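Keep the 3D view open and follow along.

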Amino acid sequence: MANIRRWLALLLLMLLMAPMARADDTGQIQFHSPQQAAQYQHLLQEIRCLVCQNQSLAESHADLALDLRLEIAQALKRGESPEQIKARLVKRYGDFVLYRPPLRETTVLLWFGPALLLLCGLWVVWRVIHRQESQA
Amino acid sequence: MIRRFLPLLILLAVLMVAAVGLRRDPTILPSTLLDSKAPLLRAALLQDGGMPQTAELQALLPQGKPSLLNVWASWCTACLQEHAALQRLAASGVTIFGLNYKDTDAAAMAWLRERHNPYRAVFVDPQGILGRDWGVYGVPETFVIDGQGVVRQRIVGPIDDRALSQQLAKLSR
């Protein structure tokens, strides 16, 4: 009984602390409209942090990510469109900052490579089945 | 005959791709500035007292001779590691400019006083705003600028002065 109560207490504590895990600087920025706040959140998900490369700007706690978040927020408030902001970041850091890279010559393999591999696999499977059938 | 060795050939191809892929350091990103004019860098200079002075990198670049822009900070341990290499380069006559990134003037000044100062001039960027124009995402970073003011290379992390001086010699020709 005492054990269960201890577990419940721990669970309650964890639930109470959950909002803190998400608390960061983004809550302090005052946007002009809910749309702008939504644009901001969306941009942060789409842009990669250059310091911790497998995190988006929204997730990263790196110093540079913090700076870039502020830069994006200020640009949005100045009235820049998300496209303009993205274009500026790409010009500065390259396509790498985008989690969804644009389709161009150098990224064709990145976009269609998996499908190509799948086709190769299907071809091998088809050959194997075909051979077994002809032997039977 | 070929059929027999096909699996082996495929294995070799995969191994080759893996060998190349695994050796690449994904944290080193190519600079978008390569082969374009160095972004305008106009900022206050780091100095030991006296009247604050502002300067423009483009005006200070030696004409027809390559130079370096080294982004550093007193809090950066890798900068300490490459300091000797910078000094060797400066001693051999290479013009090196500094960009003091997210640092305080006092700390930067003390750091330079304690060691030798390899820089022709150091621009200060306490907020890291100028560094952003150059696509800096970590310190140290070193940009090689040719005699025409064009960025020719970016090195992320501590420099290797031997490789760098060879490259500078190539650019001087």
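**Around the sheet in chain B**

Start with S3(B) and S4(B), which pair in the parallel sense over six bridges. Here strands are DSSP runs of E, at least two residues long, helices are runs of H or I of at least four, both numbered from the N terminus, and two strands count as paired if DSSP finds at least two bridges between them. One bridge to look up: B:Ser67 has B:Thr95 in S4(B) as its partner. To get from S3(B) to S4(B), the chain goes through H3(B), and this β-α-β crossover is right-handed; that is, with the strands pointing away from you, the path from the first strand over the helix to the second runs clockwise.

A word on ground rules: this is a predicted model, where local features need pLDDT of at least 70 and side-chain atom pairs count only at pLDDT 80 or more, while totals for chains, interfaces and linings use all residues. Residues are numbered from 1 along each chain as its sequence is written, chains are lettered from A and ligands numbered from 1 in the order in which they are written, and side-chain values use heavy atoms, with hydrogens and water left out.

Now move on from S4(B) to S5(B): five bridges join the two, and they run parallel.

How much of S4(B) is buried? Seven of its seven residues are buried, meaning under 20% relative accessible area with a 1.4 Å probe, protein chains only (exposed is over 50%, partly exposed in between). B:Thr95, B:Phe97, B:Leu99 and B:Tyr101 point one way, and B:Ile96, B:Gly98 and B:Asn100 the other. In a regular strand, side chains alternate between the two faces of the sheet.

Step back and you'll see an open sheet of five strands in chain B, ordered S5-S4-S3-S6-S7, with mixed pairing. Its edge strands are S5 (121–125) and S7 (151–156) of chain B, each pairing on one side only. The antiparallel part includes S6 (residues 141–145) of chain B and S7(B), which pair over five bridges. There, B:Phe143 stands opposite B:Arg154 in S7(B).

Helix H4 (residues 105–114) of chain B packs on the sheet, touching S3, S4 and S5 of chain B, where contact means heavy atoms within 4.5 Å.

Key: Axes are lines fitted to C-alpha atoms, for helices over the stretch in contact, and angles run from 0 to 180 degrees between N-to-C directions.
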